[in-house]
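Open the model in your viewer and keep the sequence panel beside it. The tour below goes from one selection to the next and says what is found at each stop.

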Amino acid sequence: MPRFRWSNPIINASGPDPFIYRADERYWLITTGPAPDGRFLPIWCSDDLACWTFVRGAVARGEEGAWNRFNFWAPEVLRQDGTYWLYYTAKPTEDDRNHGNRIGLAVSDQPAGPFEDRGVLVNHAALDASPFRDTDGTLWLLYVTEYGNARGLAPGRIWIDRMPDPARVADEATLLVDRHFWQEGPVMLRQRDGHYRLTYSIGAWTNDTYRVVQAVADRITGPFIESGPLIMQSTAQVKGPGHHNVFTGPDDEAWLVYHGWDPAMTARLPRIDRLVMRADGTLTGQAPTSTPQEHGW
């Protein structure tokens, strides 16, 4: 029987908003923030999810006046037509407010990068882009509206827009979730029974109220109703687990990648754990774990 052993965090380095995907028979991890090489959105690779090697920062800071001068948050990658499409959040000016955040796009012909910036994709205050390919091949982009939105859209709400191709949105976005004061980090799943399961973080990322909830709908554009237990919440050893994503693990099943603060809340570190679908379609799992784990199949 195959067995997989892991221990969190998977790397001992800051790695908020982590995203993992498989390509070229390897696992690729990309996270928020600066990279050791002076670039941004650090890329790591691994053969086994246990030992990780830093590759490079995915993107370079834009020139003076460019849209992507600061922040560099929430990267996610879509692979299509031999190209790797990187969606991320950045802003042109440095200040204490996030009103200038936009969602942009960068591309590469390999998962190791480097990625070439292609500019702004969602041209109103937004963050946390998450591409999704439905079973019929249709592409969608989920995102969260930000403060100071030029269209007057309330901040902290989750929206979805169709993408005619990976480089464009149709600009016909539909509101999905506005139940909480703030919701972010949306991830869409299509379940075997045909339902759409939306998972996202609520609470404050700066403290132990941060947690992950789930909602379900018959259609990808909703309406979504929160249903099922919390997918993650704080423990004594892992504070504020969230801003997760879902990837295919060593057993070819769905796994979680997410960040969590250490007990002293000095850094958000990347972590992985199993994601389990129950008979009623709701999601649950072990996360967040803080001791050595083992899984057989």
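A residue is called buried when its relative accessible area is under 20%, exposed when that area is over 50%, and partly exposed in between. By that scale Arg 168, with a relative accessible area of 45%, is partly exposed. The model on screen is a predicted one.

**Stop 1**

Select Arg 168 together with Asp 165. These two form a salt bridge, and their closest N and O atoms are 2.6 Å apart. Asp 165 is also partly exposed, because its relative accessible area is 24%. The model holds 11 salt bridges.

**Stop 2: salt bridges across the chain**

Now select Arg 192 and Glu 253. They form another salt bridge, with 3.9 Å between the closest N and O atoms. Arg 192 sits in the loop between strand S14 (183-190) and strand S15 (196-202), while Glu 253 sits in the loop between strand S18 (239-248) and strand S19 (254-261). The pair links distant parts of the chain, 61 residues apart. Arg 192 is exposed at 72% relative accessibility, whereas Glu 253 is partly exposed at 41%.

Next, select Arg 26 and Asp 47. The closest N and O atoms of this salt bridge are 2.9 Å apart. Arg 26 belongs to strand S3 and Asp 47 to the loop between S4 and S5, so the bridge ties together parts that are 21 residues apart in sequence. Arg 26 is partly exposed, with 28% relative accessibility; Asp 47 is exposed, with 55%.

**Stop 3: the nonpolar cores**

Which residues have the most contacts inside the largest nonpolar core? Select Ile 30, Leu 41, Ala 58, Val 59, Leu 86, Tyr 88 and Phe 115 to see them; the core has 21 residues. The elements that give two or more residues to this core are strands S2 (19-23), S3 (26-30), S4 (40-46), S5 (53-59), S6 (70-80) and S7 (83-91).

Centre the view on Leu 86. Beyond its neighbours within four places in sequence, Leu 86 is in contact with Ile 30, Leu 41, Ala 58, Val 59 and Phe 115, among others. The contacts of Leu 86 also include Pro 75, Glu 76, Val 77, Gly 104, Leu 105 and Ala 106.

**Stop 4: strand S16**

Select residues 211-217, which make up strand S16. Is this strand mostly covered or mostly open? It is mostly covered, as six of its seven residues are buried. S16 pairs with S15 in the antiparallel sense over seven bridges, and one place to look is Ile 202, whose bridge partner in S16 is Arg 211. S16 also runs antiparallel to strand S17 (residues 225-226), joined by two bridges. There, Ala 215 stands opposite Glu 226 in S17.

**Stop 5: the sheet that starts with S18**

Show strands S18 to S21. These four strands form an open sheet in the order S18-S19-S20-S21, with antiparallel pairing. The edge strands are S18 and S21 (283-285), each of which pairs on one side only. On average, neighbouring strands of this sheet are turned by 40 degrees against each other, direction ignored. Inside the sheet, seven bridges join S19 to strand S20 (residues 268-277), and His 259 stands opposite Pro 270 in S20.

**Stop 6: two residues of S18**

Select His 243, which is found in strand S18. His 243 is buried, at 6% relative accessibility. Its side chain makes a polar contact of 3.2 Å with the side chain of Asp 17. Leaving out residues up to four places away in sequence, His 243 also touches Pro 18, Ala 74, Asp 128, Glu 184 and His 259, among others.

Finally, select Thr 248, also in strand S18. Thr 248 is partly exposed, with 39% relative accessibility. How far from Thr 248 is the C-alpha atom of Tyr 21? The two C-alpha atoms are separated by 7.2 Å, although the residues are 227 apart along the chain. Apart from neighbours within four places in sequence, Thr 248 is in contact with Arg 22, Tyr 27 and Glu 253. Glu 253 is the salt-bridge partner of Arg 192 from the second stop.

Definitions and conventions: Residues numbered from 1 in each chain as written. Predicted model: local features only at pLDDT ≥ 70, side-chain atom pairs only at ≥ 80, totals over all residues. Heavy atoms only, no water. Core = buried A, V, L, I, M, F, W, Y, C linked by side-chain atoms within 4.5 Å. Buried < 20%, exposed > 50% of the residue type's maximum accessible area, 1.4 Å probe, protein only. Contact = heavy atoms within 4.5 Å. Salt bridge = Lys/Arg side-chain N within 4 Å of Asp/Glu carboxyl O. Pairing = 2+ DSSP bridges. Polar contact = N/O pair within 3.5 Å; in protein donor to acceptor, adjacent residues only side chain to side chain. Axes fitted to C-alpha atoms, helices over the stretch in contact; angles between N-to-C directions.
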